[in-house]
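Please look over the chain shown here, with attention to its fold and to a handful of individual residues. The briefing that follows takes these topics in turn.

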Amino acid sequence: MLELRPICENCARELPPESSEARICSFECTFCRACVEGVLGNVCPNCGGGFVPRPVRPRKAWRPGVSLATRAAVTERKHKPVDAVAHREFAAPITAISPHER
């Protein structure tokens, strides 16, 4: 089950569970849309994968036990600002490769 991490790892922007601005990689590294597009170039600084919009967990339990109320988002904040220069060097050889082929 997704953790629904509460902030962008880079800029610490709040990303509540209902945010349409949250982006995740396959390891659930979490960044805001602005950082993914403007700083990271759709390359995760932790794994090299691409990003997709994070799903929104329903607030209402449309089925018993499966809602934000019963499966809360995590509260631990992971703030690790990205070194832009180091990230550009890391991402340079893989940026042109589609995330589906990395």
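Does S67 count as buried or exposed? At 2% relative accessibility, S67 counts as buried, where buried means under 20% relative accessible area, exposed means over 50% and partly exposed lies in between, with a 1.4 Å probe and protein chains only. This is a predicted model, in which local features need pLDDT of at least 70 and side-chain atom pairs count only at pLDDT 80 or more, while totals for chains, interfaces and linings use all residues. Residues are numbered from 1 along each chain as its sequence is written, and side-chain values use heavy atoms, with hydrogens and water left out.

**Overall make-up**

- The protein contains two helices and three strands, which follow one another from the N terminus as β-β-α-β-α; helices (H or I, at least four residues) and strands (E, at least two) are DSSP runs, numbered from the N terminus.
- Taken along the principal axes, the C-alpha atoms fill a box of roughly 45 × 25 × 15 Å, and buried residues make up 36% of the 102 residues.
- Among contacts with a separation of 6 or more, 57% come from residues 24 or more positions apart, a contact being heavy atoms within 4.5 Å.

- Three strands form an open sheet in the order 2-1-3, with antiparallel pairing, and two strands are taken to pair if DSSP finds at least two bridges between them.
- The edge strands, each pairing on one side only, are strand 2 (30–32) and strand 3 (52–53).
- Helix 1 (residues 33–40) packs on this sheet, where it touches strand 1 and strand 2, and its direction makes about 85 degrees with that of strand 2; axes are lines fitted to C-alpha atoms, for helices over the stretch in contact, and angles run from 0 to 180 degrees between N-to-C directions.
- Strand 1 (residues 22–24) pairs with strand 3 in the antiparallel sense over two bridges, and P53 of strand 3 is the bridge partner of R23.

- S67 belongs to the loop between strand 3 and helix 2; leaving aside neighbours within four places in sequence, S67 is in contact with R57, P58, R59, K60 and A61.
- G50, in the loop between helix 1 and strand 3, is buried with a relative accessible area of 17%, and, not counting residues up to four places away in sequence, G50 touches I24, C25, N42, P99 and R102.
- G50 and I97 are 47 residues apart along the chain, yet their C-alpha atoms are separated by 9.9 Å.

- Most residues other than glycine have a negative phi.
- L4, which is not a glycine, has a positive phi of about 55 degrees; L4 is found in the segment before strand 1 and is buried, with a relative accessible area of 2%.
- A12, likewise in the segment before strand 1, has a positive phi near 70 degrees and counts as partly exposed at 23% relative accessibility.
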